[in-house]
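The following exercises concern a single structure, and each is followed by a worked solution. Please study the sequence and the model before reading on.

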Amino acid sequence: MNSEIIIPLIIFLLPLAYSPGPGNAFFASIGASHGLRAAIPALLGYHAATFVVTVMIGMGAGLL
């Protein structure tokens, strides 16, 4: 990936990380009930999946 793709990707993903929504509600509830250590795998999986899907969409849109 070059900077032409990475910078717009970060700009797109940044609001997703801090906006209120089902992901953040899920992380708050799992953290409150089970603690931070139990929430870390969920956090990593959620954000990795979001990143992968976003990159796949971006790469496909770039080919068009």
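**Exercise 1.** Determine whether Leu44 is buried or exposed.

Solution. Leu44 has a relative accessible area of 58%. Exposed means over 50%, buried under 20%, and partly exposed in between, with a 1.4 Å probe and protein chains only. Leu44 is therefore exposed. The model is predicted: local features need pLDDT of at least 70 and side-chain atom pairs pLDDT 80 or more, while totals for chains, interfaces and linings use all residues. Residues are numbered from 1 along each chain, and side-chain values use heavy atoms, without hydrogens and water.

**Exercise 2.** Classify Gly35 and locate it.

Solution. The relative accessible area of Gly35 is 23%, so Gly35 is partly exposed. Gly35 is placed in the loop between H2 and H3. Its C-alpha atom is separated by 18 Å from that of Pro22, 13 residues apart along the chain.

**Exercise 3.** Describe the lining of the largest pocket.

Solution. The lining comprises 14 residues, with Leu16, Ala17, Tyr46, His47 and Thr50 nearest the centre. Helix H1 (3-18), helix H2 (22-34) and H3 each give two or more residues to this lining. By class, 8 lining residues are nonpolar, 6 are polar and none is charged.

How values were computed: 1 Å grid on protein atoms, 1.4 Å probe; cavity = no way out; pocket = protein on both sides within 12 Å on 5 of 7 lines; lining within 4 Å. Helix = DSSP H or I, 4+ residues; strand = E, 2+ residues; numbered from the N terminus. Nonpolar A, V, L, I, M, F, W, Y, C, P; charged D, E, K, R; others polar.
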